[in-house]
Each structure stands twice: as C-alpha cells, then as structure tokens.
Amino acid sequence: MGDWQDRVEAVWADSDLDAAEVIRRIDELAGERPADDAVALFERAGARDSAGLEREAEPLYRRALTLGLDEDRRTQATIQLASTIRNLGKTDEALALLREEYEREPRGALHDATAAFYALALVSSGEPERAASIALQALAPHLPRYTRSVTGYAREIAEEPR
C-alpha cells in the first residue's frame, strides 16, 4: 500500500487543489482499491469532511471503522467522525466516542488531539468548565514550567461543583 498511500498523501499535501478536486482525486485513488477497503473509505470520508460535506463523510467513516483500521487510522477516524457528527448536532454521540477514545490510551500519539476535540464537544454540550479542564490537562505537559500547577488547577476546575 506504500505507493498508493504516498499518492494519497500527495493529494492532501497539494495546497493548490480546491475541495472538489481533492474529492475527485481521492475518489479516483480509492477506486483502485476494493470497494470495502477501510483505508480507502477513510480517505474518501476525510476528503468530504474537509470540504464541509459532513453528511456524506459520516457513513464512510462509520463503514471504515466497522471494517477495521490500523490503530493510528482508527484513532483519526474516531476523532474525525466525532467532529463530523458534533457539527451535525449529534453532540451526545460525539461526546461518547471522544470520551471513550480519551480514556482508552492516556498517552497515545493522538491523545492531545483527542483531548482537543473532546473539549470542543464538551463546550457544545454546555460543559465549558470540563472542557477547559480537559484542554489544560492536555496542554500542561508541554509547558516549560508550571506543569504540576496547571495540572492541579485543571483537575480542580473539573471537580468544583457548579
């Protein structure tokens, strides 16, 4: 899949392409793979998602996840599906997906990305304090100083009764 994936990545890297052309090229590349190829479905979903076509992206993400993706793509697809359905007004489902992913692998490569989208979904659901807590806990390890203080304050925000 190396050559195929390289060609997919080249489409994503080409900043001169408009959204319609990205979709066309990704669909063309996906057509080289079997109809139920999870990675091709994931790429097709991402092309539509980035073009603002969330309703078209949602079933493609779901199918890719059902068929099975490697760990990195599975996490990406979960984040992207959750973001998509949050934009479609399915905030509770987005929260559930992101909460599960956030708690699943506390220090995985995409943990901070998961935290960011989890925080966005929490804001959408009317829980801005919890969102701030999640975002600050993700940020804290990257600070040159005050990591422990920020982590502590972030936990306090989440625990304070409102």
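**Labels and their grounds**

Guide: This is a predicted model.

Visitor: What makes H3 largely enclosed by the rest of the structure?

Guide: The count of buried residues decides that: 11 of the 13 residues of H3 are buried, so the helix is largely enclosed. Among them are Ala38, Val39, Phe42, Glu43, Arg48 and Asp49.

Visitor: How do you know what span to expect of H3, and what is its span?

Guide: The expected value is 1.5 Å times one less than the number of residues. For the 13 residues of H3 that gives 18 Å, and the helix reaches 18 Å from its first C-alpha to its last, close to expectation.

Visitor: What makes Tyr102 and Tyr118 a tilted pair?

Guide: Their ring centres are 5.3 Å apart and their planes are at 50°, so this pair is tilted as well. Tyr102 lies in helix H6 and Tyr118 in helix H7, so the pair ties together parts that are 16 residues apart in sequence.

Visitor: Why do Tyr102 and Tyr118 count as buried?

Guide: Buried means under 20% relative accessible area. Tyr102 has 15% relative accessibility and therefore counts as buried. Tyr118 has a relative accessible area of 2%, so Tyr118 is buried too.

Visitor: What about Leu17: where is it, and why is it called buried?

Guide: Leu17 is in the loop between H1 and H2. Its relative accessibility is 17%, and the limit is under 20%, so Leu17 counts as buried. Apart from neighbours within four places in sequence, Leu17 is in contact with Val11, Val22 and Arg25.

Visitor: And why is Thr84 called buried?

Guide: Thr84 has 0% relative accessibility, so the label buried applies. Thr84 is placed in helix H5. Aside from neighbours within four places in sequence, Thr84 is in contact with Asp49, Glu54, Glu58 and Tyr61.

Visitor: How do you know that the charged end of Arg33 sits over the ring of Trp4?

Guide: The distance limit is 6 Å from the ring centre, and the charge must also be within 35 degrees of the ring normal. The charged end of Arg33 is 5.0 Å from the centre of the Trp4 ring and is assigned as sitting over that ring.

Visitor: How do you know that the buried residues of H9 line one face of the helix?

Guide: Seen down the axis of H9, the buried residues fall within an arc of 100°, so they line one face. Those residues are Val150, Thr151 and Ala154. An α-helix has 3.6 residues a turn, so residues three or four places apart point the same way. The buried residues of H9 pack against H8, while the face turned away from the buried side carries the exposed residues Arg148, Tyr153 and Glu159.

Visitor: What elements make up the chain, and how much of the chain is buried?

Guide: The chain has nine helices and zero strands. Buried residues make up 39% of its 162 residues. Among contacts between residues at least 6 apart in sequence, 46% join residues at least 24 apart.

Methods: Residues are numbered from 1 along each chain as its sequence is written. This is a predicted model: local features need pLDDT of at least 70, side-chain atom pairs count only at pLDDT 80 or more; totals for chains, interfaces and linings use all residues. Side-chain values use heavy atoms; hydrogens and water are left out. Helices (H or I, at least four residues) and strands (E, at least two) are DSSP runs, numbered from the N terminus. Buried means under 20% relative accessible area, exposed over 50%, partly exposed in between (1.4 Å probe, protein chains only). Contact means heavy atoms within 4.5 Å. Rings of Phe, Tyr and Trp (its six-membered ring) pair if their centres lie within 6.5 Å; planes under 30 degrees apart count as stacked, over 60 as edge-to-face and the rest as tilted. The arc is that of the directions from the helix axis to the C-beta atoms.
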